[in-house]
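Open the model in a viewer and keep the selection panel at hand. The stops below are meant to be taken in order.

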Amino acid sequence: MDFHITVDRAQRLKRLHAQDEPLVLPTVWDVWSARTAVAAGFPALTIGSHPLADSRGADDHEGQTFEEVLAAVRPIIAAVDVPVSVDLESGYGQKPADLITGLIQVGGVGLNIEDTVHSDGGRVRGTEEHARFMADLRAAADDAGVPVWVNGRTDLFMHAPDASRVLDEAIERLRAMEEAGADSVYPVGIQDNDELLAAVTGAVDLPVNSTAHPAKHDLERFRRLGVRRITYGPLLQFAMADSMKDMLKPWRPEEPTE
């Protein structure tokens, strides 16, 4: 994609995050879903690793290589005229500078990076280690001249048997990512917990990203809790699969009778 177009899209994504209303980024996985979301009126999108993997018959948690992911997202990004962020999981074992270079080459202008390192046995990066990764991503984007939106994700809540017990540690990690140059933070696994969501949004100055289910959750609730960025993860794809199965049930073959 033309470099100037990529820069323009990155700047547009940054402006969208500056608005007072929560920014909803539908999580898409192919050209059809991306074009459908844009036709529905959304000004920016994100490509999710889980739905992308499912659409390609691959496993989530880095069941594809970085090169395969770039090849898959390139036509999606090219098919729409809005900014597109890409979930890059924990980085596919790549250096931050290489992640930024590859992302920019295919026209992506935002990314998610999580702290569960799938290429290293599923270990979780320490707070300082993950913050350094954010800082290196920010430095690489600055060097490239593209204001890539860095969404720093933590899986601490998701991994904990009791999410409330890791609240202080999670907030420390989110603040460290903020200081390191992340543009927004993404504490996964607390989208149904009002108390934890409110605690997190009140503890950091950056936009907080929450996962949402497009049919079961309510935008006003997230607005009230201070959430400023909303993505669907795999939940939009799951919801569409449920609807598709319901539509197809009356058309399925009858089971033979004895």
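Predicted model: local features only at pLDDT ≥ 70, side-chain atom pairs only at ≥ 80, totals over all residues.

**Stop 1: an open sheet**

Select E1, E11 and E10. These 3 strands form an open sheet in the order E1-E11-E10, with parallel pairing. Strand E1 (23-25) and strand E10 (209-211) are at the edges; each has a single partner strand, so one side of each lacks a neighbour in the sheet. Going from one strand to the next, the twist averages 25°.

Next, keep E10 and strand E11 (residues 229-231) in view. The two pair in the parallel sense over 3 bridges. In general, strands of a sheet pair through backbone hydrogen bonds, either parallel or antiparallel.

**Stop 2**

Move to strand E4, residues 84-87. Which residues point one way from E4, and which the other way? Val84 and Val86 point one way, while Ser85 and Asp87 point the other way. All of these are buried.

Select Ser85 and look across to E5, where its bridge partner is Gly110.

**Stop 3**

Which hand does the unit made by E4, H5 and E5 have? It is a right-handed β-α-β unit.

**Stop 4: Tyr92**

Stay in this region and select Tyr92, which lies in the loop between E4 and H5. Check its backbone: phi is positive, about 55°, although Tyr92 is not a glycine. Is the residue buried or exposed? Tyr92 has 10% relative accessibility. The cut-off for buried is under 20% relative accessible area, so Tyr92 counts as buried.

**Stop 5: His61**

Finally, go to the loop between helix H3 (49-55) and helix H4 (66-78), where His61 is found. What is the phi of His61 near? The value is near 65°, which is positive in a residue other than glycine.

Technical notes: Residues numbered from 1 in each chain as written. Heavy atoms only, no water. Pairing = 2+ DSSP bridges. Helix = DSSP H or I, 4+ residues; strand = E, 2+ residues; numbered from the N terminus. Axes fitted to C-alpha atoms, helices over the stretch in contact; angles between N-to-C directions. Buried < 20%, exposed > 50% of the residue type's maximum accessible area, 1.4 Å probe, protein only. Right-handed = clockwise from strand over helix to strand, strands pointing away.
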